[in-house]
Structures are given as structure tokens and as C-alpha cells.
Amino acid sequence: MSANRVLRVKHNRVDLAVHELRGGDGPALLLLHGLGERAPEQVPKDVERWPGRIFALDFTGHGESTIPAGGGYTAEILMGDVDAALARIGAATLVGRGLGAYVALMTAGARPKLVRGAVLRDGPGLAGGSARPGTPLVPMPDLNAVAPPDPYALVELAVDVRPPDYATSFVRQATHLSGLERPITVQTLERPDWLRAVVEEPGVEVGELDAALDAYAAQSRGARR
Amino acid sequence: MSEEAVTFPGARRPDRTRRVSSHGVGIAVYEWGDEAARPLLLAHGGFDFAGTFDGFAPLLADGGWRVVSWDHRGHGDSDHAALYSWQADLRDALRVMDTVGHEPMPIVGHSKGGGVCMQLTEARPHRVSRFANLDGMPGKWRHPDVADHERTKLLESELAGWLDWRAKAGTLARKPGTLDELAERRGRMNPRLSREWLRYLVTIGARRDPDGWRWKIDPSMRFGGFGPWRPDWSLERMRGFPVPLLAILGLIEEEMGWGTRPEFLAPYMPADARVIAFEDSGHFVHIEHPRRVADLVLEFLA
């Protein structure tokens, strides 16, 4: 258990933990972890420069959030997790690692007014399955694994299909509807097919974290004034 | 007519019921026919429940089969889960199959149940002997009972609508009503099925609360949705489908139908597959024409 304040947020039958890593005022930053990870216990060094509040979400089946029975994970459901967190903390800039990067992109497209920029970074689960399904299989978890993380999440979200044109449809929505000039920033070395397609889209910046945080914070402050 | 004594000609409740835990989710399992007979797996479609086979399953059982069906998670008397996905349905189906036997067995699947179990067959070809698909062959249209796996065209309103639904999903309850009101509501999804049949279904698929009847299906489940899946992927694998295949299509288009036509399927089908189209039926071929469908299936399995 971390010493941070934990906001409990309900998403259908799941209780999500949203960790407040830094309170106070100013624009909100929401950190999304990678597959099998959990929210950090303190503000990571690389986002310390953020000038406002900082939160970190435990996705369903991870960290201090509910581990549901029998799996059934999709990236879309995790987008619902982020949406539930945003409903509590308000508009926020997203920084996602791995799986969290993919979910950050989806949320930026689905809630273009609430997501004030999304930074996509390397981390576990960035690739997902592939651009199209492989040989059909029944994903079976390691039943001896100690949870969290939920072993069903580990196996299901490692094989979920991420077509490039599906990913880019979220980019286009973010670009057209967010009002931000560059709503998506990609800062990854790993470039699975979906992400390769994303960086080709207008409105996507390939850049460094510091510059992206400064730009998104400035835009959020501008919007508040 | 008394609300408790609703019957339907030819409909027969299962001979046995039991419960299986699929990875912690309670699944209601039903069997018709002699327990010692050869087993056959029967899968219902999305937003249905095994009781919708009360007319059809007994015909297969009387044809010499032990017919095993189950309510998918969130449907009928199975547990409402926190999460639903195609992969989870696959795992639940395999779990039910494991409780029946490990020798190859035939599967008969309607609609989404056909789609899920065809994928199960591709993933576990050594477990399945033959496959009969009842109007659940992949098509080029959207599948209204496949919640999160369809459509690639995203619209802001669809995405926001889905997220808004998720935000309130945990607080939803099915609307109560009289038996006739529930039958009428279901009639909107099943416009070709008789009022008598729909009334019969209410007494199985709904429960009687103090304030009225309520469908048992998880209120957090919803039609439509979106996701990365597209039907072409299943179609392209169809030519290599590993076991003999019978596909029965209902050609009259309706709300829950998949709109798949034989000429569309033809280029994808294995050489020895048999496609039979019912010109005079909607999506629920086994409910509209139980005897005809049962005879075709029994002949195919013989």
C-alpha cells in the first residue's frame, strides 16, 4: 500500500484505485502503467517537471484495483477505466507506458475534450498481439500465478489485435475534436504496426517527454484562463 | 391464462441442470436426453439463453443424443461477470466441454454461439467431430449480438455513448413489467417469433421480482459497441476449417440477423461443406423450423 491518497472510482463492478501522487492545484497529469505493472508509489523523476497535480491509475486487475473473476479483458474496457478516472479528477494530460500508451491513445480519441494531450511511451504490452489475429487460441492464464496482476489480464492483453487503421481512427478523432494542435506525442523506440501507422498521422508529434509535458501544461493553463 | 403455467407445444425443459465454475464465473449447464448417449454441444446466440432451445434440443435428444447447452456468462442463470469478451466466452465454452468429455464431439451453434464455437473448433480441432452452424456464419455486415467485436468505423457519438453507458453500467437494473410486457419487448428483437413462444421464454429467461418480471440478462450488457474485430478474418480461415461443416442460413433479414447469404459465403467454404439456405426463415431458424433444422442436423451427424 502506498502512502498516497487513493481515490476509489467505480467502473461497473470494478473498484479502481486512482493514486494521488501530488496534490494541490494546477492541470492534472494521469499516469497509465504498462501490462502487469501498477501505479508508481511516488512521482517518477521524468514527470517531476509537471506543474500541477499528478495521479496514477491502477487498471482493472492491477495494483489496488479489483481483480474480477474469470477474465474477459479488452483494451476498450481499460479505456473505460481511464474514463472513470477522468470523471473523478477532471480533464487531464495522459502519459502511458506500454499497454497504457495504447489505452491513452484510445481515450484521447474517445474523450477529446477531457484528454489534454497524450504521451505514448515504451513499456510492457506496447505491441499487444498483432495487426491481425494469429492462429486462433484459447488464452489460458497461469493459474499458479499470485495476483495482482491478474493472470487473465497478462494473457488476454498480450494477444489482443490492434489493427493500424483502428489505432489511427482514434488519432483522427483526437486531432479533429480536441482543439489541440498536436494531441498525441509518441516517444517510443518500439514501434509495433499500430504505432508505426499512428506516427504517420497529422497531429502526431514524435518528440521528447519534457517538451510534450511543457506544451500540454501550457495549453491546459491557457484553456483555464 | 395464469402467468405461472405458460407452456408451448413441443417445448420441453432440460432433463438435468448443473452448475460449472468457469475460472470463478458460475455457468448454468443444461442437458436433454439420455446421459449415456453420445454428447453434443449446443451453443446459443448473444442476448439469448439455453432455454431458447427448449423446442429444438428435445428433437436432437429424441434423435439419440445427449444434448448439452449452457447460458453464456451474463445470460440466463449464469453469473453476471465484471468483464465480457469473445476470449472469455471461448474459455467458458471449453470449460463446459471439459465437463462433458474429452472425445471429439459435435457442436451445434446459433448466431454468436456459432461464431464463438467455430473459433473454439479452430483452436481445438482434436476436440470436435462435426460442426453445424445455425445462421451464425460470418458475413460482411455488422453482427448485432456481438457486443465489442464489430465495426471499425468509429464515430465520436458511438465512442462517447459507449463510455457514457460504461459509466452508469454498474447502477443499471432491468426494467420490471408484466409477463406480456416482457414478451412484447423481446418481440422487438424477435419480430418473427410468436407471442406464445415469447411468453414461454419470459418464464425461463426472466425472474419474478415483487415489482414484476425482469429479464435475467446482465443489465450492463449492451447491443452494438465497437472494437478492432472484422468478419473477414474468420472468413479467410474458413476454407481450412478442420471438421465437416453444415451451415444453415435464414435469408429473411431481421434485426438480430447477420445477413449472410450463400453466394457471399461460397468462395470461402471448404469443398465438402454443405450450405442450406431457408428462404422462408429469419435468423432463428431452429425456432421457426425446429423439425426441419433438427432433421438436417441429425442427418449430418449420423
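1. Two residues are in contact here if their C-beta atoms, placed from the backbone, lie within 7 Å. By that rule, 36 residues from chain A meet 34 residues from chain B.

2. A word on the basis of all this: the model is predicted, so to speak of local features pLDDT must be at least 70 and side-chain atom pairs count only at pLDDT 80 or more, while totals for chains, interfaces and linings use all residues. Residues are numbered from 1 along each chain as its sequence is written, and chains are lettered from A, ligands numbered from 1, in the order in which they are written.

3. Which elements of chain A give two or more residues to the side that touches chain B? They are β1 (5-11), α1 (75-89), α2 (99-110) and α4 (164-177), with helices (H or I, at least four residues) and strands (E, at least two) taken as DSSP runs numbered from the N terminus. The largest share, 6 residues, comes from α1(A).

4. Now for the sheet of chain A. Its 8 strands form an open, mixed sheet in the order β1-β2-β4-β3-β5-β6-β7-β8, where pairing needs at least two DSSP bridges between two strands. The edge strands β1 and β8 (204-206) of chain A each pair on one side only.

5. Inside that sheet, β3 (residues 28-32) and β5 (residues 92-97) of chain A run parallel over 5 bridges. A:Leu30 stands opposite A:Leu94 in β5(A).

6. Chain B has 10 helices and 10 strands. Its C-alpha atoms fill a box of roughly 55 × 50 × 40 Å along the principal axes.
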